[in-house]
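This report covers nonpolar cores, a helix pair and salt bridges. Please read it beside the model below.

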Amino acid sequence: MSSIPETASFFAAPPDPGIRMAALPHPRHWILLPALGAVVVLLLGLLARFVPGIAAAEVDVDIWLTYHQSGFPSGIALVIETLFSPAGCVAILAISLVLLLVVRRSPVNAFAFTSVAAFGYLTCEVFKAAVSMPRPNGHLMLHPLLAETGHDSFPSGHTTFAVSYAIAAVLLSRHTRWFTLTVVLGSLFALVVAVSRMYVGAHYLTDVLGSALVAAVAISFYCGLWSRFGLTVLRWLPFLRRIGPVPARSLVAGASGSRATRTDASAST
């Protein structure tokens, strides 16, 4: 007799890719609530751009940060600028995918993790185009490390990627002993990246706040998509056909998801 164990995160690293599934939450209103969140993000960006005084007040924050620049923090900020550039983000996602596929031998979780992070990151481009927020004026700052130009300030791509990557790690570490550590390190990681973007004079405060909202809204919508269609899509891949007849609802986290998984396991026994 065979059975299918309950969902587990990528930290379990089972050798058989068809044994354990990546557990992502399934928001009840996974279309409505993200849509409302997207409206809130859009309003935040438009207010920051068009309401007099908001950008001026935010520039003061950047000016204060540039006034307190020093050697080591400046070096860290410039490393973050390069590491989380578009090319750097693609490289990080590719490395993460390979590590989970080859080292952890967990292909389903590999696609879950990288697709969550990538979807959250790429969504920021939609809001950049919609808001078209001018970059902070470097001439107003004392020592701007970067002279960013253009109308793509809101939200920050660097910060959106950091928050999305952190959320992906937190989601896939749930129900493991690594969860608390992942939450703490992920939060610190996202905060450092966010502050660094203002520190170098590349973004406003609302840019980095909007980035966190964009990542949360996008990923909540994606989790709904994954829980409904994720396994169906992955079964199309030849090397993942061993997944077997596990329904998408087994990905739902929590007590209800566990009961559904146990019920399906009994039916397949």
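## Nonpolar cores

The largest nonpolar core has 28 residues. Leu-24, Phe-84, Phe-113, Val-116, Phe-161, Leu-171 and Trp-226 touch the most other members. Such a core is a set of buried Ala, Val, Leu, Ile, Met, Phe, Trp, Tyr and Cys residues joined through side-chain atoms within 4.5 Å. Buried means under 20% relative accessible area, exposed means over 50%, and partly exposed lies in between (1.4 Å probe, protein chains only).

Helix 4 (86–103), helix 5 (107–131), helix 6 and helix 8 (205–234) each supply at least two residues of this core. Helix 5 gives the most, with eight residues. Helices (H or I, at least four residues) are DSSP runs, numbered from the N terminus. A second, separate core holds 10 residues, including Val-41, Val-59, Met-133 and Phe-154.

## Basis of the model

This is a predicted model: local features need pLDDT of at least 70, side-chain atom pairs count only at pLDDT 80 or more, and totals for chains, interfaces and linings use all residues. Residues are numbered from 1 along each chain as its sequence is written, and side-chain values use heavy atoms, with hydrogens and water left out.

## Helix 6 against helix 7

The axes of helix 6 (residues 157–172) and helix 7 (residues 179–199) come within 9 Å and cross at roughly 180 degrees. Axes are lines fitted to C-alpha atoms over the stretch in contact, with angles from 0 to 180 degrees between N-to-C directions. The two helices are therefore roughly antiparallel (angles over 145 degrees).

On helix 6, the contact (heavy atoms within 4.5 Å) includes His-158, Thr-159 and Tyr-165. On helix 7, Phe-179, Gly-186, Phe-189 and Arg-197 are among the residues involved. The contact residues divide into 12 nonpolar, four polar and one charged. Here Ala, Val, Leu, Ile, Met, Phe, Trp, Tyr, Cys and Pro count as nonpolar, Asp, Glu, Lys and Arg as charged, and the others, Gly among them, as polar.

## Salt bridges

The count comes to two salt bridges (a side-chain nitrogen of Lys or Arg within 4 Å of a carboxyl oxygen of Asp or Glu). Arg-197 pairs with Glu-81 at 2.6 Å, N to O. Arg-197 lies in helix 7 and Glu-81 in helix 3 (residues 71–83), 116 residues apart. Arg-197 is buried, at 1% relative accessible area. Glu-81 is buried too, at 18%.

Arg-135 forms a salt bridge with Asp-152, with the closest N and O atoms 3.0 Å apart. Both residues sit in the loop between helix 5 and helix 6, 17 residues apart. Arg-135 counts as buried at 13% relative accessibility, while Asp-152 is partly exposed at 29%.

Key
Angles under 35 degrees count as roughly parallel, over 145 as roughly antiparallel, 65 to 115 as roughly perpendicular and the rest as oblique.
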